[in-house]
Amino acid sequence: EKGGYDYFMLKEIAEQPKAVADTLLGRIDASGSLTLDELRLPDSELREIDKVVIVACGTAYHAGMIAKYAIEHWTRMPCETELASEFRYRDPILDTRTLVIAVSQSGETMDTLMALRHAREQGAKVLAICNTNGSTIPRESDAVLYTHAGPEVAVASTKAFLTQLVACYLVALYLGQVRGTKWGDEVGAVIRELSEIGTQVEEVLTTMEPVRELARGLAGKNTVLFLGRHVGFPVALEGALKLKELAYMHAEGFAAGELKHGPIALIEDDVPVVVVVPSPRGRSVLHDKIVSNIQEIRARGARTIVIAERGDEAVRPYADHLIEVPHTPTLLQPLVATVPLQVFACELATARGNEVDQPRNLAKSVTVE
Ligand code: F6R
């Protein structure tokens, strides 16, 4: 049932190109516009919304963090992403014009469920982004957009994460389309780029041997740090979470801009630091700032492991290890940049003799608060 792979996780990583394509399937019409009739929320209601709040846990929360950048960019509406377990205990400000998006692979995560119940009590509309048909979270929501990742068996989430991202982008673009924001024109172009993503993920998967070799070489380390900026920041957090879960190593993700406000004190000789670099063809300011962060940490002895766009020559001189990914627009980069981090964590876990599919102390679905 593992389809020839040693672990479900490896199988699920390999299934990502198809999962991503499946999540797009049937949601783009012949003219290149989005059709999300299945949402069950009429466009007139979506036009009334004036604020979006995303609630989720763990990996799904990282997808939600990335969605915030996309939603604010394409809809020009304020969007907050919050850990579901924190949300309802601080008396959040919600009303009938708030759209709450609950992101959950299993649809059974108790923290997320309690957050959505609280949101509905306050009159907010709730949209579930979920991978499990008929599970509790979509059943209790006003609307649902299913991810079509197929069953995810490994405890560590991989293909569900990528499809959650695709679903979040679809919602962001759809809200932009329905509300006719000035970015409406971008929608068609972005949809074309999204349709290429499956092929690009496939391409990334064929270049993972050096990543596996690198991971094996780091099996004796105690700490790995991850840095990113903009949508690369949640990618860094996700890379660190995967490593904690699977390799049982101390791993921490930071916003690269925060480096000099504290974390740079952690940099010492040969500490591995994974840095996610945005496209130089996108927001070049972001790119240039992160390249100087890489120079700074390398000057202090860090071993730099750099995930960058193919052809990014500016970063090459400062990368002890360079992992290249295809060009995507800045907002979509997490779809390709996360994949090497999944492979990295999985291989490190194997090298350390850990059980990949069933990490200690973890459950696939957390049905208690
Ligand atoms: C990490 C992981 C967890 C889940 C989290 C939310 O690899 O799998 O962090 O993402 O428990 O689960 P769902 O998405 O089912 O609500």
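What is the volume of the second largest pocket? In this predicted model, the second largest pocket has a volume of about 160 Å³. Its lining consists of K221, N222, T223, L225, H250, L266, E268, D269, D270, V271 and P272. By class, four of these lining residues are nonpolar, three are polar and four are charged.

Helix α4 provides the largest share, three residues. The lining of the largest pocket divides into ten polar, eight nonpolar and four charged residues.

Cysteine pairing was examined next. A disulfide requires two cysteine sulfur atoms within 2.5 Å. The count of disulfides is zero. C79 takes part in no disulfide. The cysteine sulfur nearest to that of C79 belongs to C168, 9.0 Å away. C130 is likewise in no disulfide. For C130, the nearest cysteine sulfur is again that of C168, at 12 Å.

Buried means under 20% relative accessible area. C79 counts as buried because its relative accessibility is 0%. C130 also has 0% relative accessibility and therefore counts as buried.

Definitions and conventions:
Residues numbered from 1 in each chain as written. Predicted model: local features only at pLDDT ≥ 70, side-chain atom pairs only at ≥ 80, totals over all residues. Heavy atoms only, no water. Buried < 20%, exposed > 50% of the residue type's maximum accessible area, 1.4 Å probe, protein only. Helix = DSSP H or I, 4+ residues; strand = E, 2+ residues; numbered from the N terminus. Nonpolar A, V, L, I, M, F, W, Y, C, P; charged D, E, K, R; others polar. 1 Å grid on protein atoms, 1.4 Å probe; cavity = no way out; pocket = protein on both sides within 12 Å on 5 of 7 lines; lining within 4 Å. Points joined across faces, edges and corners; volume = space filled by probe spheres on them.
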